Amino acid sequence: VGSEMCIRDRTLTISLVLAIGLVLYQALAGGMRIWERNQRFRIEEDTALFLERFSSDISNAVLYALLPFKGSGEKFVFPAIVYTPVDARIAETPDAYTEQIGLVEYSFDKMRYALYRRQANYGQAVRGKFGPLRSLAAPVRAVTFSYYRLEEGVIRAVAEIQEGEIPAAVEVKIEFVEDTGQIRQITQIFSVPAGV
């Protein structure tokens, strides 16, 4: 009788442990599915925020001889009015910001599948320095910048621009994976007021 009771207790214990394990596994698997889906929605949101930020920056692009435009398929650098902290030695308040001419750089890192932005205030820009990289969207499958220039009244598409050349427009293509698993591509063309 004692050994039968011991066997029943062990069987009951094993059954309870298995049931609890199954419940925990289902909760964890469900949580992982929700997390993956939220990650994919985040990519769409990040892409939309990038496009809005890029549009704002490109509308603030300026012509300035010391800070030239440069562009390739994976990177675009241009002079623009940037919002930057005021030098602490002359600031009236500790967190004061000002607008000034500087450089803005957008780049795609193929190794990290990430789209980055960084900027330089005027002092940094003339020394060829930039502030820290800020990730705007990741993971992104691909980002391609292409350019349009005005030649004798005709707009022509080019893969890159030479240093100092000013494009009339910039096309941005972004590829990412949707929550359905399908590859989605967004293409948008931005007019460059300084280049028209």
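Predicted model: local features only at pLDDT ≥ 70, side-chain atom pairs only at ≥ 80, totals over all residues.
Trainee: How many salt bridges does the structure hold?

Mentor: A salt bridge is a side-chain nitrogen of Lys or Arg within 4 Å of a carboxyl oxygen of Asp or Glu. This structure has twelve. One of them pairs Arg53 with Asp57, the closest N and O atoms being 3.9 Å apart.

Trainee: Where do Arg53 and Asp57 sit in helix α1?

Mentor: Helices (H or I, at least four residues) and strands (E, at least two) are DSSP runs, numbered from the N terminus. Arg53 and Asp57 are four residues apart in helix α1 (residues 2-59), so about one helical turn separates them.

Trainee: Is Asp57 buried or exposed?

Mentor: Buried means under 20% relative accessible area, exposed over 50%, partly exposed in between (1.4 Å probe, protein chains only). Asp57 is buried at 6%, while Arg53 is partly exposed at 37%.

Trainee: Which residue forms a salt bridge with Arg141?

Mentor: That's Glu175, with the closest N and O atoms 3.7 Å apart. This pair links distant parts of the chain, 34 residues apart: Arg141 is in the loop between β5 (134-137) and β6 (142-151), and Glu175 is in strand β8 (residues 169-177).

Trainee: Which residues are linked in a network?

Mentor: Salt bridges link Arg149, Glu151, Arg156 and Glu165. Within that group, Glu151 and Arg156 meet at 2.8 Å, N to O.

Note on methods
Residues numbered from 1 in each chain as written. Heavy atoms only, no water.
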